[in-house]
Each structure stands twice: as C-alpha cells, then as structure tokens.
Amino acid sequence: MAEEQQPSTDDETAAKSATTKQASPKAETDQSATQPVEDQPTATPEEVAALEKKAADFEDKYLRAEAEVQNMQARFQKEQTTLIKYDGQQLAKDVLPVIDNLERALAVEASDDVAAQIKKGVQMTYDHLEDALKRNHVTEIAALGQTFDPTLHQAVQSVPAEDGQTAETVVNVLQKGYQLKDRVLRPAMVVVAQ
C-alpha cells in the first residue's frame, strides 16, 4: 500500500515561520502606533499661525501682481488703440502751415494771364491737399458765427458786440483751426464779441 506521507518537521517549521512573518508587519504597525515617535516634528500654534500668515502674504502678493499685469495689458491696449486712431497727427500738424500759405496765395488778385494761370495751379494744389486731409479725417473747425468754445477756439481779441450780434460769438476768424477726428490739432484763432 501507499505510504501516507507525514508532514516533516521541516515543513512545519516553514509554515510557522510564514505565519509569523505575515503577522509581524501588523504587529510592528500596532507597536509603532502605540509608541510615541520622537522623530516627527511638531509645530506650535505660533509657528502654524506664522506659516498661515506667510501663505496669505504670498497669495496677496500674487493677486496684486496678477492685477497689475491685467492693468498693464489694458493700458497697453488703450495706448495702441489711441495710437492707431490718431495715426498721422504729426504729419497733419506739419501740413497746416502749407494750407495757410496756399490760402494766402489764393487771396492775392491775379492781374494778368500768367498770374491767373499760376493762381489756377495753386487752387488745384490747395483742393487736392484739402481733399487728402478730409480723407484722413482732418477737418476744419467751424468758427465764424459760432458760440465761443475755448476747447476749439483761441480768442486773440475781443470787440464790443454790435447790433444783431450776441455776446460770446465769434465775429472774425484770423486763422482756421483743424481737428483730427475728435482731437484738436490747432484751435481757430478768433475775434469774439463781448
């Protein structure tokens, strides 16, 4: 007959040691939970409060920096929009004296055919220049007969109001004023009735 195998002592020893190994990590964990750990740092309430204050300060600085960046972006965008809107302002200012001189040339009477031809050429130049300024949103400021507006007009002289004139009305324009879109390039130099 077949012999029954009896467990050897080596097998029993191995089984016991395996059970002990499985139980030992749990036992170690239980022991570490009950024993005070001297290596873990503990923070005092003052230290915790100081760390919380430091974290709040960092958060505040971050939020302020983020707001500053947003403000700078908005300011930059506004400046870019303004630059684009008033592009060519300096050129327009530089051209205004040329228009004044052409108007003075046109005010002179032509006495002969040669002068009439020159005046005709000056008129054509003046018309083209005026048209180019209008296409670029440079317009003349209305002044004669208008109520005096210090943002658009520069009063260089005042005269007593005559019959039919109201006070604070522009009665004479000495030099035309111009504006680019809604920005005054040069105020109109005017005489105002008082």
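**Exercise 1.** Find the place of Thr169, then decide whether Thr169 counts as buried or exposed.

*Solution.* Start with the secondary structure: Thr169 sits in strand S3 (residues 169–175), where a strand is a DSSP run of E with at least two residues and a helix a run of H or I with at least four, numbered from the N terminus. This is a predicted model, where local features need pLDDT of at least 70, side-chain atom pairs count only at pLDDT 80 or more, and totals for chains, interfaces and linings use all residues. Residues are numbered from 1 along each chain as its sequence is written, and side-chain values use heavy atoms, with hydrogens and water left out.

Next, the accessibility: Thr169 counts as buried because its relative accessibility is 12% (buried is under 20% relative accessible area, exposed over 50%, partly exposed in between; 1.4 Å probe, protein chains only).

Last, the contacts (heavy atoms within 4.5 Å): skipping residues up to four places away in sequence, Thr169 touches Gly145, Gln146, Thr147, Phe148, Val191, Val192 and Ala193.

**Exercise 2.** Work out which elements supply the largest nonpolar core, and which gives the most.

*Solution.* Grab the members first: the core has 14 residues, and Ile99, Tyr126, Leu133, Val138, Tyr178, Leu180 and Leu185 touch the most other members. (A nonpolar core is a set of buried Ala, Val, Leu, Ile, Met, Phe, Trp, Tyr and Cys residues joined through side-chain atoms within 4.5 Å.)
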